[in-house]
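Let us walk through this structure together, one region at a time.

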Amino acid sequence: MTSSKSGILATIEGGNEAEQGLKPRSELTARELMREVGAVLRMSEAEVAKLGDAPDDPADDQTMIINMGPQHPSTHGVLRLMLELQGETVLRCKPIIGYLHTGMEKTGEALTYMQGGTNVTRMDYVSPLNNELVFSMATEKLLGIENEIPERAVWMRMLLSELNRMSSHLLFLATNGMDLGAVSMMIYGWREREEVLRFFQKVTGLRMNHNFIRPGGVAADLPEGWRDDVLRLLELIPPRLEEYDTLMTGQPIWRDRLQGVGVITAQEAMALGATGPILRSTGVAWDLRREQPYLHYDEVDFDVVIGKYGDAFDRYSIRLNEVRESMRIVRQILDRMPGGDYRIQNKKVTPPPRARINESMEALIHHFKLFTEGFKVPEGEVYVAIESPRGEIGCYIASDGSATPYRMHVRAPSFANIQCLPHMMRGGLIADAVAIISSTDPVLGEVDR
Amino acid sequence: MADSDPSTAFSREQRVVHCTRADYVATVRGLLADTFSMCVDLTAVDYLTYAGDRSLPADVVGERFEVVVNLLSIEKRERARVRVQVPVNDATIATLFDLYPGSEAMEREVYDMFGIVFTDHPDLTRILMPEDWDGFPLRKDYDQGSIPVQFSGDFAAKP
């Protein structure tokens, strides 16, 4: 229970009830929502801790500040929410992050462009290939070779990126189900995701953290029989998605838990920098694959799935249907996969083939140089963004002409997306908080980096 | 902001707008009016040990810090990058919070990592590091490597 005479609480006690009271969202201007009367609880942890020592005053307006997380199972890792509650209603909240902060941007400054992939792939560990892709594309843009990547490498990157979108969304469906009490859904989602990861293991050698997409192309060619494996996935998953529809989409309990929960408007989402399914759920058809095409997304046919109400149900159904759209893209990639090189034949960027090292001194020197010093990247700075399953993932690299990035920053979609949580939760029930966190699909690895 | 504007440059075909701290907010407000309705990214670079050519326009004096804001126009499907120089002896810059509320967390991250103070920011506290952490990790004079880990929960060690 809180009773303090300072800061925000003084405002409440000072009779500013009209402003503090919960007005319908339609009556608030955007500015009011964002500033102090809005949704974000702007108190430091020290201030909150002090409130715990304050004596209970029964006459006081009974609001309560509680922590949810960081070890709560529905917080997808280590997200902590400081919630201001009135009874069961959430007034304001503040997402507290940093528990997984390991200084990956600082680490990135010490790794060469060759090694950088191993670092960025661990940020969003649910869609590692998209992280590698954006880092590689930024490096290639600095090198000025972005238009010289062999066709096969480009289509392989698309294939892996779309399969990764599928595996990421399947994991979302699993965790979203589990967070809402559809526990069997968790098993089904993980099961299907594992099928996709098994394909990744065959291609890259690892289920996660692949370091497979590298500046200049990809690390290796597709293995024997890859087409059959992908076709198997494309046969296996659609009937499973039908099962999810039966299990969740049409169920009244599922709909009651999600519809009208965590509503956000297009104006709010754009003001807060939210991208991906959150922005699309508000009806804004913004998908970088369509609007600012990279790789060969302008040559494949797919629909951008959008919602209408901006609620948790829209975000669920967008992701579910994006799995279907990704499969549609994968089918077209299978038809169009060209032959040829899987990495650029530029000796300064690409290591020589293993066989050449035995017979050519030059090749040996290049190999040695590339793996000890790395390759030098011209001076300059670029920002490259692609559509990850969670929204816009961007990579900003400032190069000073050496073999390591001078500064490497990753614009993580989840970092911006979880800033929407206070605005989605405002005026909702504490029980819906779990549904709302789940519907933003945060990956704390990339939030904290 | 027309392309003929002298402050607009291009880096690898990407539009970059240079401005001073004094007209930072006005420049960004101009871009916001010009349909750049989203602030997708706000970060900073510490140019302390940068050896190369920073490719700044002739009228811009390079300072140690540079705040980099990436804006996006959904209507025009365009991006623009604003680069502002911030000197180390007065590492302050105005907040963009009133223009883009989403910049709040990003500015907190820049403060946390570089120690750049955003004036008028509603809640300028550390976001990724513990609240009582010393130093700003992404500065170039902040060493990487074996730093004694500060445990803020170790109450016994504190007087």
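In chain A, 3 strands form an open sheet in the order β1-β2-β3, with antiparallel pairing. Here two strands pair if DSSP finds at least two bridges between them, and the elements themselves are DSSP runs, numbered from the N terminus: helices are H or I with at least four residues, strands are E with at least two. What you are looking at is a predicted model, in which local features need pLDDT of at least 70 and side-chain atom pairs count only at pLDDT 80 or more, while totals for chains, interfaces and linings use all residues. Residues are numbered from 1 along each chain as its sequence is written, with chains lettered from A and ligands numbered from 1 in the order in which they are written.

Now find helix α20 (residues 430-440) of chain A, which lies across β1, β2 and β3 of chain A and runs at about 150 degrees to β2(A). Most residues other than glycine have a negative phi. A:Asp441, though not a glycine, has a positive phi, near 50 degrees. Is A:Asp441 buried or exposed? A:Asp441 is buried, with 28 other C-beta atoms within 10 Å; the cut-offs are 20 or more such atoms for buried, 12 or fewer for exposed, and partly exposed in between, with C-beta atoms placed from the backbone.

Elsewhere in chain A, strand β6 (residues 380-388) and strand β7 form a hairpin with 2 residues between them. The two strands pair in the antiparallel sense over 9 bridges, and A:Ala385 stands opposite A:Gly394 in β7(A). On β7(A) there is another antiparallel pairing, with strand β8 (residues 407-411) of chain A, over 5 bridges; there the bridge partner of A:Gly394 is A:Arg411. Strand β7 (residues 391-399) of chain A is mostly covered, as 9 of its 9 residues are buried.

Turn next to chain B. An open sheet of 5 strands runs in the order β1-β2-β5-β4-β3 of chain B, with mixed pairing. β1 (8-11) and β3 of chain B stand at the edges with a single partner strand each, so one side of each is left without a neighbour in the sheet. The twist from one strand to the next averages 30 degrees.

Inside this sheet, β4(B) and strand β5 (residues 78-86) of chain B pair in the antiparallel sense over 9 bridges. B:Leu71 has B:Ala80 in β5(B) as its bridge partner. The loop between β4 and β5 of chain B holds B:Arg77, which has a positive phi of about 55 degrees although it is not a glycine. B:Arg77 is exposed, with 12 other C-beta atoms within 10 Å.

Helix α1 (residues 24-33) of chain B lies across β2 (14-19), β4 and β5 of chain B, running at about 175 degrees to β5(B). α2(B) packs on the sheet, touching β3 and β4 of chain B, and its direction makes about 5 degrees with that of β3(B).

How do the chains meet? 35 residues of chain B are in contact with 39 residues of chain A, where contact means C-beta atoms, placed from the backbone, within 7 Å. The elements giving two or more residues to the side of chain B that touches chain A are β3 (38-46), β4 (65-73) and α2 (103-114) of chain B. β3(B) gives the most, with 6 residues.

Notes
Contact = placed C-beta atoms within 7 Å. Axes fitted to C-alpha atoms, helices over the stretch in contact; angles between N-to-C directions.
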